[in-house]
Amino acid sequence: MQAVFFDAIDTLRVGTTDIPEHGDDEVLLKVHSAGICGTDLHILKGEYGRYFPVIPGHEFSGEVVEVGKNVTRLVPGDRVTVHPGAGYGVSAPGGFEDFVKVRERNAFKIGDLSYDEGALVEPLACVINGIDTVGVNIGDEVLVVGAGPIGLLLMQVAKLAGAQSVAVADIATEKLTKAKELGADEVFDASHNLKEQLLDAHPRKFHLTIDATGNPSAQEQMLGFTKWGGKFLLFGVAAPDATMTVEPYDIFYRELKIVGVHSFGSKFERAIGLAKSRRVNLTEIISHHFPLVQFPDALDLIHSPEPSFKILMHPDGDA
């Protein structure tokens, strides 16, 4: 079968390997959709643990094709998404392969969700955990910087949580257009004079600011857009050795709160329910589909000037 391998830092290939043999408490899945996450790029760079070689991919869904003798909840033909809490895609083989074995307890039925939507349950769960952790109060004014797929999910979930308004900033016009289509109340072009634009429009600043860029230069500006007693959610993933400059006195005097989250906590089943409700639009944050063999092309697209949102990989080219 086909699989993507991260063999070492900045070393990847698409190759072949045997179909895995599942254990008594495991199921074998045929993978249909697997999303590329920014964390995958950090894994490739050795910035998120070093478990080489590994088959990456922690956002994926598929069809159950075989079950172990102790499996009682799933049968062949079930359509599922995978809770990657066992390390799938990081320290254990993940979804960038034709077939993957997972523990029964990590596989969740997706009902009428498409496989593409099922692959996005994991990032949605992370976003729900972030919004839950930082807390959105009814009537809050929120700013999200970064209009990639995570920023677009954060914007949608913050509105559902009770925000009065959510503004989105990004340097790409196409991403700001998408943000407006998905419900952003305001958009701001971050490529020039962002501070001036934001403070002109919101002189009293925002109750909650959220970074979805992972860029320390952007992150260290966020407290300047946060009002007295407000909160800053640091969601974007920066490199482990990256630094940002803050003024401790400012945090102390203005009673600011800085919150970080890095995973989905216990929010996986809630994410499935929210996805099924269709109150969050998952399909519109998908911009590209690639067969698994073109994984290097997908990474080239991410690093190119061409705007992209969520990129999904499909073994055997099936979408």
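In this predicted model, Glu-255 lies in the loop that runs between helix H8 (248-253) and strand E13. The phi angle of Glu-255 is near 55°, a positive value in a residue other than glycine. With a relative accessible area of 53%, Glu-255 counts as exposed, because the cut-off for that class is a value over 50%. A positive phi, here of about 50°, is likewise found at Asn-193, which is not a glycine, and this residue belongs to the loop between strand E10 and helix H6.

Strands E10 and E13 also take part in an open sheet of six strands, which pair in parallel and follow the order E10-E9-E8-E11-E12-E13. The edges of this sheet are formed by strand E10 (186-189) and strand E13 (257-260), each of which pairs on one side only. Neighbouring strands of the sheet are turned against each other by 20° on average, with direction ignored. Within the sheet, strand E8 (residues 141-145) is joined to strand E9 (residues 165-170) by five bridges in the parallel sense, and Val-144 stands opposite Val-168 in E9.

Helices are packed on this sheet, among them helix H3 (residues 121-134), which touches strand E11 (206-211), strand E12 (226-234) and E13, and whose direction makes about 150° with that of E12. Helix H6 (residues 194-201) packs on the sheet as well, touching E8, E9, E10 and E11, and its direction makes about 150° with that of E10.

Elsewhere in the chain, Phe-52 and Pro-53 are joined by a cis peptide bond with an omega of about -10°, and Pro-53 is located in the loop between helix H1 (38-44) and strand E4 (59-67).

Technical notes: Residues are numbered from 1 along each chain as its sequence is written. This is a predicted model: local features need pLDDT of at least 70, side-chain atom pairs count only at pLDDT 80 or more; totals for chains, interfaces and linings use all residues. Side-chain values use heavy atoms; hydrogens and water are left out. Two strands pair if DSSP finds at least two bridges between them. Helices (H or I, at least four residues) and strands (E, at least two) are DSSP runs, numbered from the N terminus. Axes are lines fitted to C-alpha atoms, for helices over the stretch in contact, and angles run from 0 to 180 degrees between N-to-C directions. Contact means heavy atoms within 4.5 Å. Buried means under 20% relative accessible area, exposed over 50%, partly exposed in between (1.4 Å probe, protein chains only).
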